[in-house]
Amino acid sequence: MAGSGMCLPLVLVLVLSALLAGSTHAGPEMDPYKILGVSSRASQAEIKKVYKRLAKEWHPDKNKDPGAEDMFIKITKSYEILSNEDKRTSYDRYGQTDDTQPYGGGRYGHRHDNFYFDESFFSFPFNSKNTRDFADGKYALHFNQYVGEVVPDSYRRPYLIKITSDWCFTCIHIEPVWKEVVQEMESLGVGIGVVDVGDERRLANHLGAHRTPSILGVISGKVTFFHYAVAKEHLRQFVEDLLPQRLVEQVNDKNDQQFLNSWYELNKPHVLLFDQVPVVPLVYKLTAFAYKDHLQFGYVDQGLSETANLQKRFNINTYAPTMLVFKENVDKPADIIQAKEMKKQIIDEFISNNKFLLAPRLVNQKLFDELCPVKQFHRRRKYCVLLITGDEEAFSFGNQAFLSFASTNAKEVVRFAYVYQRLQQPLCDTLMQSKDSSQSPPQVLILERRNAAGKALFKPVTAWNGSEEDKQTLLEELERLQQDPSILIHDAMLPELNNEFASMFVIRWVYASYDYLSEVIDDILHNNWREMMPLLSLIFSALFILFGTVVVQAFSDSSEDKPTKPKTKDGAKAENGSSGAGGTSSRHPKKNFVEVTELTDITYMSNLVKLRPGHMNIVLVLADASKNILLSKFAKEVYSFTGSLTLHFSFLNLDKHSEWMNKLLEYAQDAVQIDADEDEGGNHKVDYTGYVLALNGHKKYLCLFKPVYTGEDVDGKSSEDEGGASGGRHRSSSRDDHAPRKSSRSRAISTLQIHHKLDRLGLWMERLMEGTLPRYYVPAWPGLNKTPPTK
């Protein structure tokens, strides 16, 4: 009896389990027609129209109904089935598709509309990286990887990033669509990333993703969120919308000459794609974005009657896409490729082999670095044949002859280029070894770059007028160069090239502003307020500050006239007091706090030799006798520049390191020559007190500030007393040890000049930040060994 009593509960449990299992299998399948409210004979256009209306109505961001998210998932899933003909046919025949089967091959049973809670309960613990239908580990992103790799790479290709988590039920439903989109986009060259909020909360916050799942795009460092239903067509269109609008120009019989002839103005080869489809293929747009700095892209729709003459002119085959690249000769393509399927790898290889013109003009430093790279290995030498010429009509024959000679070049180690003297004057002066090459005739030379600092070896070949004799001379020199590279006997430090396209910045800024405003309007239309909060906060803060300033100014105007005179007197008293009182001279000015470290043999490596790229150390040269005076003046002059994180401030004591200063200034020959001339009549050595050095440890160059005396009132007390507090003790000790050499008046003049040595340092710092100061390059920083004091 006891045994039967124990078996009874077990039997009841089994019966109930069987009934529940039977009811589960007997439940109705999800009917996509019923969910969308369309008939089984509805067209794709009708289904799409109904889907857009329902998706907008039930989107969780707009519909606050508790069941909105579940309903939105059903609508999206139903549209995925009915918009795909194969899935729709399978559902019409068998009542199910592969996507309506349970995830994991029946592991969790059939899905039912009434059991979402139970399903999610059992799905969450198993929704891990190991059991997901699509493994995201291959594309997992980390914060450092995003900042160091994805953002820089996004200037060449867009990225599609999914934000997910292990406990995200909706993430499971978008997984099949995401997998299909990733496979397609990756083959086209789009970057893919997955951010797991559980592992990378910092990166998710950095991107502004506050919910899962979220999908966003990154291009040129800018983040854009995807706001629509997760469908393949929507995601493809999203990637296409990320790209700039003016990447590819539509070319026909009316504008083909204008398009091809713009190679001279843009200094780029031009690419034309002929295809039958009316819209530009996405793979071609992505290629145009990746190579936008090197080539100009155009598209010809072969289905239009307006392109018939263009197809006939270049004998285009209408049965396969054809790509042509044009260089200086617009009548004949420089290269051609034709394939039934223009895959990414084929296009990239074709474009990479035609990135430059036969003889491009050097218009900026970036192009110069690519055309004439720095020598890395002996077998990888690259030589540049450079024509220095003018852009006037008188030089056109010689320029055309140089281009004709360059077109016959078959050597990969030789590149041809030309520069206009008027636009690249510093480079031409250096290579022609002249201070004024503006009137010099055209000249051809061969050069080889040796290091990134600008050192190059070169040899002038001939004055160039395009004659056959000039061509023969150049050909002979190139043959000699192949046998003996040592014929490049001259060396020079090349200056950085001027950016001739800098004037186009305004146009690029207008386009960027237009794209940004379009994105803001799109965010407002989608009510994405959380992502808009930083922008709205900035706008309201600016309005508040502006309004507050106007109100304060309006109320203060009436009372501002009366205290003007007393304030002026007080200000004059304070000014005179600060300059006339000896005790106030050594006091640092309020707020003018500048962290200045001493450059010693201990701090030499970290503060100069191993200084990070882009950083610069501003070094004040002083002696013990003038230390307090110069440091106080130095703090005043450089205080407004302390906000820059790339500037460091130090001082060098001449009493300890005078030899290092002499060795370093050997490379600043122009500045040293001036000082030598000034000191020609005396026997004493050059006084470097008050000099300021801007040292770039990474690029190994320096900029030099020499003291300029601007004081006028020699007999005044202000400057004399200002230096007296700090300099008096050193002078008194000097008088005890040695006989007096100067009168009291000469000592006052000397102190006054020390105080005024840094008067124009602020103007020099502005020129330093603008990059307009001359640079003196140093092959290697001399060692900073302590020099014994002279007796």
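Over the ring of which residue does the charged end of Arg449 sit? In this predicted model, the charged end of Arg449 lies over the ring of Phe368, at 4.8 Å from the ring centre.

With ring centres required to lie within 6.5 Å, the count comes to 16 aromatic pairs. One aromatic cluster is formed by Phe402, Phe405, Phe416 and Trp464.

Helix packing was described for H8 and H10. Helix H8 comprises residues 169-188 and helix H10 residues 232-242. Their axes come within 10 Å and cross at roughly 35 degrees, and the crossing is right-handed. On the H8 side, the contact is made by Val177, Glu180, Val181, Glu184, Met185 and Leu188. These residues meet Lys232, Leu235, Arg236 and Val239 of H10. By residue class, the contact between H8 and H10 divides into six nonpolar and four charged residues, with no polar ones. The charged residues are Glu180 and Glu184 in H8, together with Lys232 and Arg236 in H10.

The structure holds two disulfides. One of them joins Cys168 to Cys171, with an S to S distance of 2.1 Å. The torsion about the S-S bond of Cys168 and Cys171 is about 90 degrees, and the disulfide is therefore right-handed.

Thr212 and Pro213 are joined by a cis peptide bond, with omega of about -5 degrees. Pro213 is located in the loop between helix H9 (201-207) and strand E3 (214-219). The other feature concerns Ser220, which has a positive phi of about 55 degrees although this residue is not a glycine. Ser220 is found in the loop between E3 and strand E4, the latter spanning residues 222-225.

Conventions
Residues numbered from 1 in each chain as written. Predicted model: local features only at pLDDT ≥ 70, side-chain atom pairs only at ≥ 80, totals over all residues. Heavy atoms only, no water. Axes fitted to C-alpha atoms, helices over the stretch in contact; angles between N-to-C directions. Helix = DSSP H or I, 4+ residues; strand = E, 2+ residues; numbered from the N terminus. Left-handed = near helix turned anticlockwise from the far one by under 90°. Contact = heavy atoms within 4.5 Å. Phe/Tyr/Trp six-rings, centres within 6.5 Å; stacked < 30°, edge-to-face > 60°. Lys NZ or Arg CZ within 6 Å of the ring centre and 35° of its normal. Disulfide = S-S within 2.5 Å.
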